[in-house]
Amino acid sequence: MKRLITSMAVTAAFTVAGSAFAADPIIIKFSHVVATDTPKGQAAEYFKKLAEERTKGQVKVNIYPNSQLYKDKEELEALQMGSVQMLAPTTSKFGPMGLKEFEVFDLPYLFTNEEQVHKVTRGPVGQSLLKKLESKGIKGLAFWDNGFRVFSANKPIRSPEDIKGLKIRINSSKVNTAIVQSVGALPQTMALSEVYQALQTGVVDGADGNISNLYTQKQYEVQKYVADTRHSYSGYAVVVNKKFWDGLPADIRTTLEGAMKDASEYNDMMAEKDNAKAYAAIKASGKTQVYAPTPTEKAAWVKAMQPVQNDMASRIGPDIIKAVRTAVAK
């Protein structure tokens, strides 16, 4: 009897332990380099909420904003190594990995609004681009909007002549380098987390970036002028470690795909709202003047940068550029 009781106790202990082990949630570390109150930051939090609710706690998403874990240049390698499971880097980050087709989104004045962008990102062209990531051990899940890029500096910028000779911070992209050089400025590649101090100390004279980051990273506090050139699209690709993703139970993957679809729609809605809010807040601060180029001034920017589209064709691939132009024209 004593042996039977002991055996039952041991079995019960293993059953409880096994149940506890089975109940351990799947952890997704989602790392990104911007503030929580940006469109991407808010969409990441929304994805976390949906993923955890819809899997009934089987998945737990831990979000690390503002480069808490990795800076711009480090995060993709960390993803490939499995140190994090999910990222949402700018599309230009895939160029240095050998996937230069993604740099098509950086081309100046290729898109004039988000509706044109969505014809690409939400259609066959966008899906074929995401598929290319798999050769690098990465699974592409979605594209997220972040508005269009503008220039900032401590002197008025109303024409390409005004930006000549200025040291302008860019993210790592051959296309962005060519854009800044096309207007006579000096491109300076730098992680987003380092930009505020670089602007404050004069290491760089200005920046190329989107309005929401200009606001949430407080760059406007050390920049007196913003030129609303909207010269190139700024967006992200949400990606996950492919080995991790393929190892998930099929039902969990399906649930997470649904959560990501809804989070993507939420991101794009918030991007539109937050960019408008950022413009208004920067103007209301009284620290920075936001200047909208006249049609004639805008034409001068377009004329100066337009050659970059053809100059970068051999790097990005003429076929992908043609496919994007065709999708936009539909």
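**Entry 1: before starting.** I am working from a predicted model. I looked for empty space first, since rolling a probe the size of a water molecule over the atoms shows where such space is left.

Entry 2: How many cavities of 30 Å³ or more does a search of the whole structure find? I got three. The largest cavity comes to a volume of about 230 Å³. I counted 23 residues in its lining, and R149, R169, L192, N210 and N213 are the ones that lie nearest the centre. Sorted by class, the lining of the largest cavity splits into eight nonpolar, nine polar and six charged residues.

**Entry 3: the second largest cavity.** This one holds about 60 Å³ of space. I wrote down its lining: T90, T91, S92, F105, D106, R149, N171, N176, Y233, S234 and G235. Which element gives the most to this lining? It is β9, with three residues. By class I have two nonpolar, seven polar and two charged residues around the second largest cavity. I marked R149 in my notes, as it lines the second largest cavity and is also one of the residues nearest the centre of the largest cavity.

**Entry 4: the largest pocket.** I moved on to open sites. The largest pocket has about 430 Å³ of space. Its lining has 17 residues, with Q127, L130, L141, A142 and F143 nearest the centre. At least two lining residues come from each of α5 (124–132), β4 and α11. Where does the largest share of the lining come from? The answer is α11, with six residues. For the class count I noted five nonpolar, four polar and eight charged residues in the lining of the largest pocket.

**Entry 5: the second largest pocket.** Here I found about 150 Å³ of space. The residues lining it are D72, K73, L76, E77, Q80, S92, K93, P96, M97 and S172. They sort into three nonpolar, three polar and four charged residues. I flagged S92, which lines this second largest pocket and the second largest cavity too.

**Entry 6: α2 against α11.** Next I turned to helices, where a packed pair is described by the angle between the axes and the distance between them. The axes of α2 (residues 39–54) and α11 (residues 250–285) come within 8 Å and cross at roughly 150°. Angles over 145 degrees count as roughly antiparallel, so I logged α2 and α11 as roughly antiparallel to each other. Their crossing is right-handed. On the α2 side, the contact residues include P39, Y46, F47, L50 and R54; on the α11 side, they include L256, M260, Y266, M270 and D274. By class, this contact has 13 nonpolar, four polar and four charged residues.

**Entry 7: α4 against α15.** The axes of α4 (residues 114–121) and α15 (residues 318–329) also come within 8 Å, and they cross at roughly 120°. That angle makes α4 oblique to α15. I recorded this crossing as right-handed. Which residues meet here? Q116, K119 and V120 of α4 meet V324, A327 and V328 of α15. I sorted this contact into four nonpolar residues, one polar and one charged.

How values were computed:
Residues are numbered from 1 along each chain as its sequence is written. This is a predicted model: local features need pLDDT of at least 70, side-chain atom pairs count only at pLDDT 80 or more; totals for chains, interfaces and linings use all residues. Side-chain values use heavy atoms; hydrogens and water are left out. On a 1 Å grid over the protein atoms alone, a cavity is a set of points where a 1.4 Å probe fits but cannot get out, and a pocket is an open set with protein on both sides within 12 Å along at least five of seven lines; lining residues have an atom within 4 Å of a point. Grid points are joined across faces, edges and corners, and a volume is the space filled by probe spheres set on the points. Ala, Val, Leu, Ile, Met, Phe, Trp, Tyr, Cys and Pro count as nonpolar, Asp, Glu, Lys and Arg as charged, and the others, Gly among them, as polar. Helices (H or I, at least four residues) and strands (E, at least two) are DSSP runs, numbered from the N terminus. Axes are lines fitted to C-alpha atoms, for helices over the stretch in contact, and angles run from 0 to 180 degrees between N-to-C directions. Angles under 35 degrees count as roughly parallel, over 145 as roughly antiparallel, 65 to 115 as roughly perpendicular and the rest as oblique. A crossing is left-handed if the near helix is turned anticlockwise from the far one by less than a right angle, and right-handed if clockwise. Contact means heavy atoms within 4.5 Å.
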